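My notes follow in the order I looked things up.

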Amino acid sequence: MIEVRRETNGEEPFVLRLRDATRPEALDRCIALLARIGHHTVLVDLAARETLAADYLAVLRRSGRYLRELGGELAVVCRTDSLRRLLDVTLLAQSFSVYPSRSAARSAFAAKEHSVLGRGH
């Protein structure tokens, strides 16, 4: 199951929280659907997962590239050191932003939004 929510306001990314039984195909379809309806910034919360199978890693890589092509961004929340290490070793952490918590991700997105708005004035 994937929990989909937009937290606080329309400027923040949609949050996709993966549950243990979530299949990679479901994540892929969910990100593609959000992109098709115009939401190009997505935050995937991997919750307390310790590791991910190769098919999940492929979905994250492919989705990150797709969202960047649309002018958006994929970001991932990893609460465990082992999963952050996996993303580092596979070099996926260079393809999208990785945060230790949702609050850290929200702060980073808010700072980016603020810097973009500041440049326009």
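**Entry 1: helix H1**

I began with helix H1 (residues 24–36), which has 13 residues and reaches 18 Å from its first C-alpha to its last, close to the 18 Å expected at 1.5 Å a residue. The expected span here is 1.5 Å times one less than the number of residues in the helix. Helices (H or I, at least four residues) and strands (E, at least two) are DSSP runs, numbered from the N terminus.

Next I checked which H1 residues are buried: Pro24, Leu27, Cys30, Ile31, Ala32, Leu34 and Ala35. Buried means under 20% relative accessible area, exposed means over 50%, and partly exposed is in between (1.4 Å probe, protein chains only). I reminded myself that an α-helix has 3.6 residues a turn, so residues three or four places apart point the same way. Just after H1, I found Gly38 with a positive phi of about 100°.

**Entry 2: what kind of model**

I noted that this is a predicted model, where local features need pLDDT of at least 70, side-chain atom pairs count only at pLDDT 80 or more, and totals for chains, interfaces and linings use all residues. Residues are numbered from 1 along each chain as its sequence is written, and side-chain values use heavy atoms, with hydrogens and water left out.

I looked up the confidence too: the chain averages a pLDDT of 84, and 80% of the residues score at least 70. pLDDT is the predictor's confidence in each residue, from 0 to 100. Where pLDDT is low, the predicted coordinates should not be read in detail.

**Entry 3: the overall layout**

I listed four helices and five strands. From the N terminus on, they run β-β-α-β-α-β-α-β-α. Of the 121 residues, 40% count as buried.

**Entry 4: the strands**

Which way do strand E2 (residues 14–18) and E3 pair? I found them in the parallel sense, over four bridges. Strands count as paired if DSSP finds at least two bridges between them. Phe14 has Val42 in E3 as its bridge partner. I also looked at Leu16 in E2, which counts as buried at 0% relative accessibility. Leu16 and Val44 are 28 residues apart in sequence, yet 4.7 Å apart in space, C-alpha to C-alpha.

E3 (residues 41–45) is mostly covered, with four of its five residues buried. I then followed E3 to strand E4 (residues 73–77): the two run parallel and are joined by five bridges. Thr41 stands opposite Glu73, and Leu43 has Ala75 as its bridge partner.

How many residues of E4 are buried? I got five of the five, so E4 is largely enclosed by the rest of the structure. Both faces are covered, by my reading: Glu73, Ala75 and Val77 are buried on one side, and Leu74 and Val76 on the other. From E4 I moved on to E5, which pairs with E4 in the parallel sense over three bridges. Val77 stands opposite Tyr99 in E5, and Val77 is buried, with a relative accessible area of 0%.

**Entry 5: Arg102**

I found Arg102 in helix H4, where it counts as buried at 13% relative accessibility. The side chain of Arg102 makes a polar contact with the side chain of Asp45 at 2.7 Å. A polar contact is a pair of N or O atoms within 3.5 Å; within protein, one must be able to donate a hydrogen and the other to accept it, and residues adjacent in sequence count only if both atoms are side-chain atoms. I also saw that Val77 and Arg102 are 25 residues apart in sequence and 6.3 Å apart in space, C-alpha to C-alpha.

**Entry 6: rings**

I found one aromatic pair in the structure. The rings of Tyr99 and Phe109 have their centres 6.4 Å apart and their planes at 50°, so the pair is tilted. The rule for Phe, Tyr and Trp (its six-membered ring) is centres within 6.5 Å; planes under 30 degrees apart count as stacked, over 60 as edge-to-face and the rest as tilted. Both Tyr99 and Phe109 are buried.

Last, I looked at Leu91, in the loop between helix H3 (81–89) and E5. Its phi is near 65°, a positive value in a residue other than glycine. Leu91 is partly exposed, with a relative accessible area of 49%.
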